[in-house]
Every structure is written in structure tokens, then in C-alpha cells.
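User: I'd like a close look at a single part of this model, please, with its surroundings worked in as you go.
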Amino acid sequence: MLQQLRKITADDLARYPERGPVEAVVAAHLGLVAEQVLLTNGVDEAIHLLCETYLEPLDEVLVVTPRSACTRSTPGATGARVVRVQCAADFRFPLAKVLTASILRPALIAVASPNNPTGTVADREQLLQIARAPPDAALLVDEAYV
Ligand SMILES: Cc1ncc(COP(=O)(O)O)c(C=O)c1O
């Protein structure tokens with residue numbers, strides 16, 4: 001291990017690595033094909049790409065507040081209307097409010113689990129309920145802090 005680390009040059013550290021070869025390794029590990037895996041430079045880039053892919057100007061996007069900086073600006077930057085769903089006073093994940101707000105037929109629902117800064121977790125059952133509720137919404141689950 002130490003020998004391998006010694007082989008890393010300053011030039012290696014100054015560039016992001018090629019994604020393709022590593023995506024193929026990750027895909028093989030997960031039993032997927034490489035086209036199903038996208039590695040990004042941080043979670044922020046993934047959020048950015050998903051927002052650019054799924055949101056059109058004037059679409060609704062649901063986000064739970066309080067929320068981290070990364071979902072504070074990116075969805076709105078696409079021109080989408082950001083609908084904020086406030087978490088409970090004890091910071092519990094506001095499942096019922098998210099489901100109610102889904103009546104607006106959002107194009108995207110963004111859930112950070114664990115959330116930052118609250119540490120709130122949306123469990124698997126809650127995420128599945130959200131995924132099943134609004135027929136056409138993409139569900140972005142940000143697990144950066146898992
Ligand atoms: C919930 C959450 N997701 C994603 C990010 C961004 O992660 P990254 O630094 O990997 O881009 C942050 C950064 O604060 C965050 O709080």
C-alpha cells in the first residue's frame with residue numbers, strides 16, 4: 001500500500017482522474033454495466049447534473065429545509081420553482097408534508113439523508129413512499145453524509 005502511494009506524482013494529484021476506467025470497475029463490483037454508473041467530482045457535481053437533466057424552467061422542485069448549501073442554489077439556477085418543505089421542530093423528516101406538497105407534481109424531489117445541517121434521516125420506507133407517490137417525479141437522494 002505504502003509503495004503504491006509513493007508512486008503517486010504531484011502531476012497525478014493535480015488532475016481529476018479519467019472517469020471511464022473507474023466507472024467500469026465500480027459497475028463490475030455492483031453487477032451493473034458501465035453506462036449505469038456516473039462518477040462525479042464531488043456530490044455537488046452530481047446534484048448539478050441531475051438538476052440540469054430533470055428540471056426545465058418553471059418546473060417545481062421540492063426541497064426539505066433547512067438544507068445544505070449545495071441544494072440551496074443549484075435547483076433554482078435551472079429556472080425551476082423551488083418549493084420548500086419545512087422539517088418538524090424536532091428536525092424529524094417531514095414525510096407527510098412532502099407527500100402533500102407532491103400534489104404540485106414536482107419534476108424533482110431532493111432529499112438529503114442524512115440531512116445537513118440537521119442530521120435528519122429519511123429511512124428506506126419513507127423514500128419508497130415518496131418514490132411511489134408522485135408518478136413522474138425524479139427522486140434525488142443525497143447520501144453524502146452516510
Ligand atoms: C448534504 C450535502 N450533500 C452534498 C454536499 C457536497 O458534497 P461534495 O463536497 O462532495 O461536493 C454537501 C456539502 O456540504 C452537503 O452538505
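In which loop does R67 lie?

Analyst: Happy to walk you through it. R67 lies in the loop between β1 and α5 (70-77); helices (H or I, at least four residues) and strands (E, at least two) are DSSP runs numbered from the N terminus. Before going on, a word on the ground rules: this is a predicted model, in which local features need pLDDT of at least 70 and side-chain atom pairs count only at pLDDT 80 or more, while totals for chains, interfaces and linings use all residues. Residues are numbered from 1 along each chain as its sequence is written, and side-chain values use heavy atoms, with hydrogens and water left out.

R67 has a relative accessible area of 7%, so it counts as buried (under 20% is buried, over 50% exposed, and partly exposed in between, with a 1.4 Å probe and protein chains only). From C-alpha to C-alpha, R67 is 9.6 Å from Q86, although 19 residues separate R67 and Q86 in sequence.

The loop between β1 and α5 also holds P66, and the peptide bond from T65 to P66 is cis, with an omega near -5°. A cis bond likewise joins N116 and P117, with omega about 20°; P117 sits in the loop between β3 and α7 (124-132). For context, most residues other than glycine have a negative phi, and most peptide bonds are trans. Two non-glycine residues with positive phi are worth checking too. F91, in the loop between β2 (81-86) and α6 (95-101), has phi near 75° and is partly exposed at 43% relative accessibility. R105, in the loop between α6 and β3, has phi near 55° and counts as exposed at 54%.

Strand β1 (residues 60-65) pairs with β3 in the parallel sense over 3 bridges, where pairing requires DSSP to find at least two bridges between the strands. V61 has L108 as its bridge partner in β3, and L108 in turn has A138 as its partner in β4. The strands β3 and β4 run parallel and are joined by 5 bridges. Strand β3 (residues 108-112) is largely enclosed by the rest of the structure, because 4 of its 5 residues are buried.

On a 1 Å grid over the protein atoms alone, a cavity is a set of points where a 1.4 Å probe fits but cannot get out, and a pocket is an open set with protein on both sides within 12 Å along at least five of seven lines; lining residues have an atom within 4 Å of a point. Grid points are joined across faces, edges and corners, and a volume is the space filled by probe spheres set on the points.

The largest pocket contains about 170 Å³ of space. Of its 13 lining residues, T40, G42, V43, A46 and I47 lie nearest its centre. Helix α4 (43-54) and strand β4 (138-142) each supply at least two lining residues.
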